[in-house]
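Please keep the structure open while you go through the points.

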Amino acid sequence: MNSWYNLFPRYPWLSIYIWVIFCVLPFFFIFRTSEPINIAIGIAMVFLYLLCYRFSFKSQSGLVYMWLAFEMAINIGLTLLFGYVYLALFTAFFIGNIRRAVGFFIMYGIHIALTISAIVAGFFIEIDLFLPQVHFLILTLIGVVLLPFNLYNRNKQEKLEGQLVYAQERISELTVVAERQRIARDLHDTLGQKLSLIGLKSDLVGKLITRDPERAARELQDIRQTASVALNEVRELVSNMRAVRLSEELTRVQQVLRAAEIELTVVGEASYREITPIVENVLSMCLKEAVTNVVKHSFASSCTITFHPVSEDFSITVADNGIGLLEGADALPGNGLNGMRERLDFVNGILHIQNEQDGGTALTFEIPSILRHIVKE
């Protein structure tokens, strides 16, 4: 839950409608009594419940159990005095979001016991108040029993999925480190000896240039030939490195979004002329991470990927219509933004993050196209 009232992150307006319905209904039960003191007590209890629910959401310590206890007490009071038991569903919803197993099961058992006891006691106190709504009471009890378990299991699954994603990211990082070490070894083995030979022969040419010009010319020819061999070996080494193509990554992205039931719109062509393999690889990895964020965190129904024409930089924008990026969320672990920044920094790129006015987030990553000329030369 991103806000204390947000029951369904994908559908925030539905959450508001449910709160309005279940918080207006108690006034129907309260105003059926003709005694002003009872009406005042009932109204005060409803507002106290809302305050306790909000405080329980904001609490980060053991105080959350105290606020839950107050909510349960208010539920009992509303049930016995006015026959209104339905706020117990909100308490059950919050209990389902408790992450600690011990706290969850204790509060879950207490809540079920108190709710059932209050309803049974209500039938003995004033059966005419409870008998007409017995069907709704049964549905409420079913929700109080099943809803917390459903939410608890879903949160537990999301936690495991988060751990799996973190493990995969760590494996990817270690793989990158291992690949860098392999490349460093290959470059050292390929160039080390030849560059040393070129250095020695250059020193020799400097000494022979005046004393023996013919031999110096032969040494210069050897230097040129050695440099040519080293260049060919480097080209062969680079050509064997498998870079991720933008077109290939776009195909995988389309499959991921289709599986997540998110509508995709592609603007522009997923190919750039004269782009270097390393720049294309960085753009592909950033595109993959941005779409992963859309699927996992945005709760969006549509996504637009824009491949901007090349001017002074290679630029791609990934925009969604989801819940947007909360303030400070770009610094949180697990959303991949730091990883994108690190990849872009490696090639002097920049990551832009913008929340759209109509909801959603737009990520734009830019890499200067001047790199292609530098590498080409």
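1. A word on burial comes first: a residue is called buried under 20% relative accessible area, exposed over 50%, and partly exposed in between, using a 1.4 Å probe and protein chains only. By that scale Arg215 is partly exposed, with a relative accessible area of 34%.

2. Please bear in mind that this is a predicted model, in which local features need pLDDT of at least 70, side-chain atom pairs count only at pLDDT 80 or more, and totals for chains, interfaces and linings use all residues. Residues are numbered from 1 along each chain as its sequence is written, and side-chain values use heavy atoms, with hydrogens and water left out.

3. Now the overall picture. The protein has 12 helices and five strands; these are DSSP runs numbered from the N terminus, with helices (H or I) of at least four residues and strands (E) of at least two. Of its 377 residues, 36% are buried. The accessible surface (Shrake-Rupley method, 1.4 Å probe; for residues, only the protein chains shown count as cover) comes to about 22,600 Å², and carbon and sulfur atoms account for 61% of that.

4. Which residues have the most contacts inside the largest nonpolar core? They are Leu78 and Ile95, in a core of 37 residues. Such a core is a set of buried Ala, Val, Leu, Ile, Met, Phe, Trp, Tyr and Cys residues joined through side-chain atoms within 4.5 Å. Among the elements that give two or more residues to this core are helix H1 (12-30), helix H3 (63-82) and helix H7 (134-211). A second, separate core has 31 residues, including Ala270, Val282, Phe314 and Leu344.

5. Ile95 deserves a look of its own. Contact here means heavy atoms within 4.5 Å. Apart from neighbours within four places in sequence, Ile95 is in contact with Leu68, Met72, Phe104, Met107, Tyr108, His111 and Pro148.

6. Next, strand S5 (residues 361-368). Six of its eight residues are buried. Strand S5 pairs in the antiparallel sense with S3 (residues 313-320) over seven bridges, and with S4 (residues 350-355), also in the antiparallel sense, over six bridges. Pairing requires that DSSP finds at least two bridges between the strands. Asp313 stands opposite Pro368 in S5, while Asn355 has Thr361 as its bridge partner. Five residues lie between the strands in the hairpin of S4 and S5, where Gly359 takes a positive phi near 100 degrees.

7. How many salt bridges does the structure hold? There are two, counted where a side-chain nitrogen of Lys or Arg is within 4 Å of a carboxyl oxygen of Asp or Glu. One joins the side chains of Arg215 and Glu219 (4.0 Å, N to O). These two are four residues apart in helix H8, so about one helical turn separates them. Glu219 is buried, with a relative accessible area of 10%, and also touches Lys201, Leu204, Val205 and Leu208, not counting residues up to four places away in sequence.

8. Arg252 forms a salt bridge with Glu249, with the closest N and O atoms 3.0 Å apart. Because they are three residues apart in helix H9 (residues 246-259), about one helical turn separates them.
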